[in-house]
Amino acid sequence: MTDTGTDSALDYKSVKLPSRGVFYGGALPDGGVEVRPLTVDEESLLFASGGDATEKVHRIIRQCVRFPDGFRISDLLLTDRMAIMLYLRVLSYGPSYNFRWRCPYCNAANVSEVNLADDLKDTTPEDVEATVRRRYSVPDFRVDEPLDVALPSGKSLSIRFLRVSDDRTIQQRVRQGRSKGGAGGLEYVLTIALSVVSIGGREDLRVTEREEWVRRLSARDGMYLRNFRDDAETGIDTTVHPTCSSCNGDADFPLPLDAEFFRPTAVPEGGS
Ligand SMILES: [Zn+2]
């Protein structure tokens, strides 16, 4: 009854982010950060109604993650942020996550389990280099920013990877778009436009000009750009491959992060 070991339950654990720090100009050596589990207070903050969901997540990251001095969260890659969320979840509640999904073939409602620590694969700079060298026949490809891309049509551009600061811009623009009545496809266009650094060697283009350029890309160039960017980016592959309990169909999609993610219930099946 004298157990007051709550402090050790909140111990920090060292983890390495998928980028291994290569995109931060030395500000995050080896991608190493320290993460501790959430407190009940912090869990409540995440679930409090109202407020900006993204800013809540950033507040949790500021409170539960130790970065090297001087590192700014706004510089954090979105893929590294995703990895941090996964580490926070695993440390706080364990790796087992039961997610709900609807079968794309028979429309049955399913609940499947994923082990967040074992089933999701880290894509490190080394992995990215091996993939891009093989898949795109660029034998000397190195992970770096900006990254030159030659599209199937012959157009050339250079891109970089999205940061927390870009996510803020996107969320803000989407909110404005909504208030003006519909921001159809805007978020998608912005995720590409904001990653464009230069087009045909020109770096002085405004965001709206880059947006316009992205919208006019052929579908084929667009697909190539998307695939290349995904293959060239470090991160954790969150694709899951569950099997439908009703028709046995195999599905694959990015892991859905629902309320269970940060407030798991003990029993996966919603029976009763
Ligand atoms: Zn099915």
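Let me start in a loop. P146 sits between α5, residues 125-135, and β7, residues 147-150, in the loop that links them. What kind of peptide bond joins E145 and P146? A cis one, with omega at about -15 degrees. So much for that loop.

Now, a word on confidence. This is a predicted model. The chain averages a pLDDT of 89. Of the residues, 93% score at least 70. One stretch to flag is residues 267-272, where the pLDDT is below 50. Leaving out near neighbours in sequence, that stretch has 4 contacts in the model.

Next, the overall layout. The domain assignment gives two domains. Domain 1 comes in two pieces, 10-122 and 236-261. Domain 2 is 125-233. Their C-alpha centres are 23 Å apart. How many residues does each domain put into the contact? Domain 1 gives 13 residues, and domain 2 gives 11 residues.

Look at the domain 1 side of that contact. Two elements give two or more residues there: α3 and α4, the latter being residues 78-93. Which of them gives the most? That is α4, with 3 residues. By type, this side of domain 1 has 6 nonpolar, 4 polar and 3 charged residues.

On to the helix pairs. Take α2 and α3 to begin with. Helix α2 covers residues 40-47, and helix α3 covers residues 53-64. The two pack at about 165 degrees, and their axes are 9 Å apart. Over 145 degrees counts as roughly antiparallel, and α2 and α3 are therefore roughly antiparallel to each other. The crossing of α2 past α3 is left-handed.

Which residues meet there? From α2 we have E42, L45 and L46. From α3 we have K56, R59, I60, Q63 and C64. Sort the residues of this contact and you get 4 nonpolar, 1 polar and 3 charged. Remember that α3 also turned up on the side of domain 1 that touches domain 2.

The other pair is α7 and α8. Helix α7 runs over residues 186-193, and helix α8 over residues 207-216. Here the angle is about 110 degrees, with the axes 9 Å apart. That makes α7 roughly perpendicular to α8. On the α7 side, the contact uses V189, L190, I192 and A193. On the α8 side, they meet V207, R210, E211, V214 and R215. How does this contact divide by residue type? There are 6 nonpolar and 3 charged residues, and no polar ones.

R20 has a phi near 55 degrees. That is a positive value, in a residue other than glycine. Where is R20? It lies in the loop between β1, residues 13-16, and β2, residues 32-35.

To recap the places to look up: the cis bond between E145 and P146, the positive phi at R20, and the residues 267-272 with pLDDT below 50. Thanks, that's it from me.

Notes:
Residues are numbered from 1 along each chain as its sequence is written. This is a predicted model: local features need pLDDT of at least 70, side-chain atom pairs count only at pLDDT 80 or more; totals for chains, interfaces and linings use all residues. pLDDT is the predictor's confidence in each residue, from 0 to 100. Two residues are in contact if their C-beta atoms, placed from the backbone, lie within 7 Å. Axes are lines fitted to C-alpha atoms, for helices over the stretch in contact, and angles run from 0 to 180 degrees between N-to-C directions. Helices (H or I, at least four residues) and strands (E, at least two) are DSSP runs, numbered from the N terminus. Angles under 35 degrees count as roughly parallel, over 145 as roughly antiparallel, 65 to 115 as roughly perpendicular and the rest as oblique. A crossing is left-handed if the near helix is turned anticlockwise from the far one by less than a right angle, and right-handed if clockwise. Ala, Val, Leu, Ile, Met, Phe, Trp, Tyr, Cys and Pro count as nonpolar, Asp, Glu, Lys and Arg as charged, and the others, Gly among them, as polar. Domain bounds come from an automatic or database domain assignment.
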